[in-house]
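Good morning, and thank you for making time for this item. I would ask you to look at the sequence and the structure as I go through a few of their features.

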Amino acid sequence: MKEYQTITEISGPLVFAEVDEAIGYDEIVEIETAQGETLRGQVLESSDGVVAIQVFEGTSGIDQHASVRFLGETMKMPVTEDLLGRVLDGSGRPIDGGPDIVPEERQDIVGAAINPYSREYPEEFIETGVSAIDGMNTLVRGQKLPIFSSSGQPHSELAMQIARQASVPEEEDGEGEGSEFAVIFGAMGITAEEANEFMEDFERTGALERSVVFMNLADDPAVERTVTPRMVLTTAEYLAFEKDYHVLVILTDMTNYCEALREIGAAREEVPGRRGYPGYMYTDLAQLYERAGRIQGREGSVTQIPILTMPGDDDTHPIPDLTGYITEGQIYVDPDLNSQGLQPPVNVLPSLSRLMDDGIGEGLTREDHADVSDQMYAAYAEGEDLRDLVNIVGREALSERDNKYLDFADRFEAEFIDQGFETNRALEETLDIGWELLSMLPKEELNRVDEEFIETYYHEDASDADNTEAEATAD
Amino acid sequence: MSQTAQSVREDGVIASVSGPVVVARDLDARMNDVVYVGDEGLMGEVIEIEGDTTTIQVYEETSGIAPGEPVENTGEPLSVDLGPGLLDTIYDGVQRPLDVLEDKMGSPYLDRGVDAPGIELDTEWEFEPTVEEGDEVGRGDEVGIVEETVTIDHKVMVPPDALDEGETAEIVSVESGSFTVEETVAELDNGVEIQMRQEWPVREARPTVEKKTPRTPLVSGQRILDGLFPIAKGGTAAIPGPFGSGKTVTQHQLAKYADADIIIYVGCGERGNEMTEVIDDFPELEDPSTGNPLMARTSLIANTSNMPVAARESCVYTGITIAEFYRDMGYDVALMADSTSRWAEAMREISSRLEEMPGEEGYPAYLAARLSQFYERAGYFENVNGTEGSVSAIGAVSPPGGDFSEPVTQNTLRIVKTFWALDADLAERRHFPSINWNESYSLYKDQLDPWFESEVSDDWAEKRQWAVDILDEEAELQEIVQLVGKDALPEDQQLTLEVARYLREAYLQQNAFHPVDTYCPPEKTYLMLTTIETFHDEAFDALEAGVPIEEIVDTDSAPQINRIGVQEDYVEYVDELKSEITEELRSLY
Ligand SMILES: Nc1ncnc2c1ncn2[C@@H]1O[C@H](COP(=O)(O)OP(=O)(O)OP(=O)(O)O)[C@@H](O)[C@H]1O
Ligand SMILES: [Mg+2]
């Protein structure tokens, strides 16, 4: 392997070097500084005689005397089932003091795209035990469903609750047996404190054994963040599609990942896209998020829950915006609901699970699931709207019907959403609470629910009581 | 994609690689030539020539490709293979069949450097001539038929470039029997041999005689579209909306239920699972016009968001060229492109790697031109062979932050004639399809009314106007309600709000996931409207007769209007409901 001491320019996270052989695009590079420190990087552009290298650990300490080695291959992740239970740094090196990792395979971290023809459509319900998700925004195996949050919100608690509680109702035919559940946690630029919360939770619940943790913390090199999720997903794909695991991937915080992309783009003097983020950020994010899914003929699955903090709590910011355009829905953590003390503070109205429709219903969850969820959305939205009006005209100025919707919205938040981070609710229970709430409304108002289900599930007495009460007050 | 005999040209070598853009030296090439790049032979297209350097956009991942590797020129522009076998197939952006790729690669992942012809070369098709020896034919003329799918008879045509405009030639031989797409099925006296397979460069529109004014609707089975904002066969439409507002569901609904002969669905830079859904569903679903599986009239092009960017740029061209080919056979073709924004972004990405002068928001200056060239290829045409056919083009637009003032939405709106504006607020309250009725429009409305009036009911346009007026009035009243509450309005206005509520909940909303409601024939759309009108008329009569508004609003029958959508036997249901509403309201006074 040839060594070069030909660095011509150092700029931000980039190093330019002259070469006299053909260097492949994306190839891995090692740079040894005069102090004997070895840094790793990747070829971003390769032309006759000159290459641009992005250095993961940052370029500090590099000078023109540093030596550059090209490893002749693109970045690989050593994978093995033994990774379960291990804690690695953001580049995949163990930091838990455990034994060296003996890889079974080394896989390219830039995963090739899954052929859409080879995918299997995700439709297996994952019970998370969280009503706001199971009832209203159902998660399925192989889905990518991000949490849209903002700084200081309890998104980690929600993610941990999901990781802890997630289970799949037993498959009847016993197929799928032997498919185990694994969690891969990829931290990008989060604080040590946040990371500790996750680690403690993993240890407390014994989840670490079936987890792989990748840690790039706030004080770790920013550029490394561009590799961390690829390491995570390569490991996930290996465990899912070669070792039959059902893998849940939690990536936090995607915002830090995107900041790293922006930094590299700026250093390369690229024409920036919206708000200074690179024009190719959509494609770049898609190459991560689209690695969720199921594949025909393979047992396992990769389900992704990326977490991102929206700068300024603004979901039109490019990071949440581009994410929403790629993922299969999103769960909103809402600062207002949080300050009201709701746990989890999920605002279901802007939240969405696009794969819900095919994952629920008779034989999958329960026959009335879709209708109940639809009706609760509509009713809660209506109640929410009326709250603004109440502030102006007062409750008395509203009709009896409107008042019922206001009550519905209040109880929906208090009873349906606010279940606590420790409560694990079965889906049956979630739907039953839903019916209890819907029964506050007159039957005729339930126009999104099949009449048959109203027959079966509607609580007659609840609305009768309500009605007489209402009539009494009206009298 | 097409694999032609390669004319010999000078090969070159790679000078630099940056993402999907490769610069080659010493390559003898013309603009838009297809080249094979590097030792692995990755497919690319020439997009810029300057002196002896040639810039190439590569349709496959370029990791590991290094300067010094060879570049080989095919000397042919990017073309598609046309012929039987296009339907019931799923392609990537450069027309490689994805099932064949899976086979050849032996993996569910898309590897690189694997090529595959666009149509099966060894399948034999039963060819039935429709001309005889001695017949004179011109360009584009049909010479025979093969049954491509249960739904579609594929017309084998004289390639449009085989003869000049107005020139004819005599058939000297033609045979029925089984042929592969490359075997000659007919011969002309000028030596031209006709095969089922044709080739056409994707960036060039296939010739036609003239564009005509479209007068037939592309009936979609979606109430708000057919009822308020119809698109014509041969028309153009844009569906802009923020994420999660229903672009894809609307496009899927159109692909399923629109009364076109052929559907070309282009998944451009969107989700893999959405394409899988189509592949899974369409063979199972019935085409409402023929009862055959939907796949039998459908061709899919899938270049998902994680697939190479350059192929995203080409996939809409691949799609529209296939659409034009079926149009030439005299079919009505509908093309959906989800999402044209991803295509525009692919242009932007390539352009910025070329260091071109950026225009608005970094998009290249030629963005508007490319968009209009694309939509111009849609239309109702007289074909070169004298038949008439159409290509309708419906593009989803994904504006950043849901803001319609951005360049792709704005440039698209300047061209298309139907605008279905999706609205995040409506989506949030699960009002689906969340098409905003105040913002949307169709410029085809008037020219399509005669069709609806003769096929459905002669007061079609009148009823639509009635609904639009009520909705307009509601919009005004809502502004007051926001300030003072509904009960502060006079009773007649409260009643108008009630009528408008039925229009919104029953008529404008339609559940794509309900087995019955998902498809609503125009007759049902019409009957639903007249039911609401019955309620309106009877309710206002009752109000005038002194019945208090609370009682009118509280009837048992009116809420049944919201159930018309899910009724299979809607004619009977509507009949009964109308008389129940009339009876109940009249009984109040
Ligand atoms: N007509 C409809 N009936 C019922 N549900 C609908 C309808 N249209 C949209 N939806 C709901 O809205 C969700 C989002 O719709 P869709 O995937 O079409 O959004 P989109 O605009 O394509 O978003 P993106 O830009 O992110 O691709 C669907 O998953 C479905 O739950
Ligand atoms: Mg979509």
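I begin with B:Ser339, which sits in the loop between strand 22 (332–338) and helix 6 (340–353) of chain B. Helices (H or I, at least four residues) and strands (E, at least two) are DSSP runs, numbered from the N terminus. The peptide bond that leads from B:Asp338 to B:Ser339 is cis, with omega near 10°.

Two remarks on the source are in order. This is a predicted model, in which local features need pLDDT of at least 70 and side-chain atom pairs count only at pLDDT 80 or more, while totals for chains, interfaces and linings use all residues. Residues are numbered from 1 along each chain as its sequence is written, chains are lettered from A and ligands numbered from 1 in the order in which they are written, and side-chain values use heavy atoms, with hydrogens and water left out.

Chain A also has a cis peptide bond, from A:Gln343 to A:Pro344, with omega near -10°. A:Pro344 is found in the loop between helix 8 (335–339) and strand 21 (346–353) of chain A. For context, most peptide bonds are trans.

I turn now to the ligand. Where does ligand 1 lie? Ligand 1 is placed between chains A and B. Around ligand 1 there are 21 residues (a heavy atom within 4 Å), and the closest are B:Gly244, B:Lys247, B:Thr248, B:Val249 and B:Arg271. Helix 3 of chain B contributes the most to this shell, with 3 residues. Domain 3 (209–443) and domain 4 (460–586) of chain B both supply residues to the shell, so ligand 1 lies between them; the domain bounds come from an automatic or database domain assignment.

Polar contacts here are pairs of N or O atoms within 3.5 Å; within protein, one must be able to donate a hydrogen and the other to accept it, and residues adjacent in sequence count only if both atoms are side-chain atoms. An oxygen atom of ligand 1 is 2.9 Å from a polar backbone atom of B:Gly246. On the side of chain A, an N or O atom in the side chain of A:Asp357 is 3.3 Å from an oxygen atom of ligand 1. For B:Glu270, a polar side-chain atom lies 3.3 Å from an oxygen atom of ligand 1. The protein covers 94% of the 630 Å² of accessible area (Shrake-Rupley method, 1.4 Å probe) that ligand 1 has on its own.
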